[in-house]
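Trainee: I would like to learn how to read this fold step by step, beginning with the overall arrangement.

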Amino acid sequence: MKNLGNMLKQAQQMQARMQEMQAKLEATEVEGSSGGGMVKVRLTGKGDLRRVTIDPSLMNADEREVLEDLLVAAHADAKQKVEATMAEEMQKATAGISLPPGMKLPF
């Protein structure tokens, strides 16, 4: 029974750390860029789009396709950074608790 008590205590601690992590991710913003910084996209740690910045030189009809591609690339860059931040925070939140192989958090 002592092991069960320890497991419950660890689960409660992890739940508190997960709540802290969620709040931290909500407040965190990351920036992705493409085209040498000509297009920038800012996302929250939860992946919500906050801002798009476009260099004025890309704002003409001839550059439309280039701009579209750069927006997609900037978003992908920002999303990769969000995922890396989330993985890092998840590692901190689950420190000391081993999960079964293949199990990921959050569920």
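Trainee: Across which strands does helix 2 lie, and at about what angle does it run to strand 1?

Mentor: Please keep in mind that this is a predicted model, in which local features need pLDDT of at least 70 and side-chain atom pairs count only at pLDDT 80 or more, whereas totals for chains, interfaces and linings use all residues. Residues are numbered from 1 along each chain as its sequence is written, and side-chain values use heavy atoms, with hydrogens and water left out. Helices (H or I, at least four residues) and strands (E, at least two) are DSSP runs, numbered from the N terminus. Here helix 2 lies across strand 1, strand 2 and strand 3, and runs at about 145° to strand 1.

Trainee: Which residues of helix 2 are buried?

Mentor: In general, an α-helix has 3.6 residues a turn, so residues three or four places apart point the same way. Buried means under 20% relative accessible area, exposed over 50%, and partly exposed in between, with a 1.4 Å probe and protein chains only. In helix 2 the buried residues are L67, L70, A74, A78, V82, E89, M90 and A93.

Trainee: How many bridges join strand 1 to strand 2?

Mentor: Two strands pair if DSSP finds at least two bridges between them. Six bridges join strand 1 to strand 2 (residues 39–44), and these strands run antiparallel; V30 has L43 as its bridge partner, and G32 has V41.

Notes
Contact = heavy atoms within 4.5 Å. Axes fitted to C-alpha atoms, helices over the stretch in contact; angles between N-to-C directions.
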